[in-house]
Amino acid sequence: MSSRVQQKEAARKRREAIEAEERRAKHRRGARLRLAVIAAAAIVLTAAAVTASRLSQEDAVAQPQAVSERFAGIPQDGIRLGSPSAPVTLVEFADLQCPFCGEYARDVLPTIIERYVRPGKLKLELNLLTFVGEDSVKGGRLAAATTKQDRFWGFTDAFFTAQGQENTGYVTDEFLKQTAAAAGADHEAASGDDATADRVLEQAQSAADRLGVSSTPTFFIRRGHDETPLEIDDLSVETFTAALDEALR
Amino acid sequence: MSAPVSQAARGPWRPRVTLRGATAILSLVGVAVAGYLTWVHYAGLEPFCVGGGGGCERVQSSEYAELFGVPVAVLGLAGYLALLGSLALPEELSRMAAGLVALTGAAFSLYLTYVELVEIDAICQWCVVSAVLMVALAGVSVARLSRPSA
């Protein structure tokens, strides 16, 4: 009798152990399934975030493309922009890394182009100096070399649009390639053209020395051989247009 | 006077810091790191970079530092705050929410680290710290998810 009770007890314990093991296995399967679902959702979200990052980056790089269209239909010759027969030249000295030069290029230049350059009243000359730092030299050399392709103005405009913090090493080969692409310039040809880069930068430095330029941006009005400083109090469209209206009178 | 208790009598060894506690600590450190990067971004400052070299500034000013105008640092801050917030949820929901955020955050951080190394060619130490924190949080979250439900 006692033996039968013991057998029943042992069987009950075995059954309970099996049931407990089944419950644990069910929980483990549930945990694995939950982990798989969360991991799959995370993969989908990551893929979406990476795609958004790539699109956002392409968007940022593509921005200068539209800007370079600003020069469509306007004659370009080396560092000059505008009709060769325009009676007056606005001569600028700038460094690609100089924040105020960037501000002028982004905020004031578009109005000057549309109001004075496109109608043939004024032509522009941009002399690049490279005194701010190594990034100025890297950018300046490639920009100077694009004068041979008559893509200089598109290049400098795209550069100023994407201008970064001074001397942070942001002017990488990739940055220059993207800037050249935005300007429609041949990066490979320009980067190998040391002779043009040297000549254009030396000419700009000589002109700066001759005119006593000590900071950027500095502007002169040239009429014939007469070069007079353009006194500008602030980099606003109103100040520039008032000064240019006076100079063109 | 109580008798010494053997390890077997105490039951299996449990870590002193629970997985929820680890999530809280790592998330708080993450909030501090991402909060600092968010602050320097909006204050227009250069992030402090040990050893100089401008790597942090270069990464922070690159076109990858924003996602359609939203700074990546802000996304990181939101992620860490979401992880902290998930701890207030019921356990089951908390595990799933934390797992989703941490796994996504870790994978995206690894992608950004790849971008730094290969495309920007500069390393931001703060971003590396954040990536390590997110990977650690992902590990903790996987451990939480792997445990059977109560």
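Reply: A salt bridge is counted when a side-chain nitrogen of Lys or Arg lies within 4 Å of a carboxyl oxygen of Asp or Glu. The model is a predicted one, in which local features need pLDDT of at least 70 and side-chain atom pairs count only at pLDDT 80 or more, while totals for chains, interfaces and linings use all residues. Residues are numbered from 1 along each chain as its sequence is written, chains are lettered from A and ligands numbered from 1 in the order in which they are written, and side-chain values use heavy atoms, with hydrogens and water left out.

Me: Which side chains meet in a salt bridge?

Reply: They are those of R34(A) and E92(B), with 2.3 Å from N to O.

Me: How is the extent of such an interface described?

Reply: One may count contacts, where contact means heavy atoms within 4.5 Å. Here 29 residues of chain B are in contact with 26 residues of chain A.

Me: How many helices and strands does chain A have?

Reply: Helices (H or I, at least four residues) and strands (E, at least two) are DSSP runs, numbered from the N terminus. Chain A has 6 strands and 9 helices. Among its contacts with a separation of 6 or more, 78% are between residues 24 or more positions apart.

Me: How should I read the word "buried"?

Reply: A residue is buried under 20% relative accessible area, exposed over 50%, and partly exposed in between (1.4 Å probe, protein chains only). Of the 249 residues of chain A, 46% count as buried.

Me: Is H187(A) buried or exposed?

Reply: H187(A) is buried, because its relative accessible area is 18%. This residue lies in helix 7 of chain A, residues 187-191. Neighbours within four places in sequence aside, H187(A) is in contact with L142(A), D173(A), L176(A), K177(A) and A180(A).

Me: Where is G133(A) found?

Reply: G133(A) is in the loop between strand 4 (122-129) and helix 4 (134-145) of chain A. With 17% relative accessibility, G133(A) counts as buried. Apart from neighbours within four places in sequence, its contacts are Q97(A) and N167(A).

Me: Which residues make the nonpolar surface patch?

Reply: Patches are made of residues with over 30% relative accessible area and no salt bridge; like charges are joined within 9 Å, and nonpolar side chains (Val, Leu, Ile, Met, Phe, Trp, Tyr) within 5 Å. Accessible areas come from the Shrake-Rupley method with a 1.4 Å probe, and for residues only the protein chains shown count as cover. Y114(B), L117(B), V118(B), I123(B), V128(B) and V132(B) make a nonpolar patch of about 510 Å². Helix 5 (91-120) and helix 6 (125-146) of chain B are the elements that give two or more residues to this patch. Helix 5 of chain B gives the most, with 3 residues.
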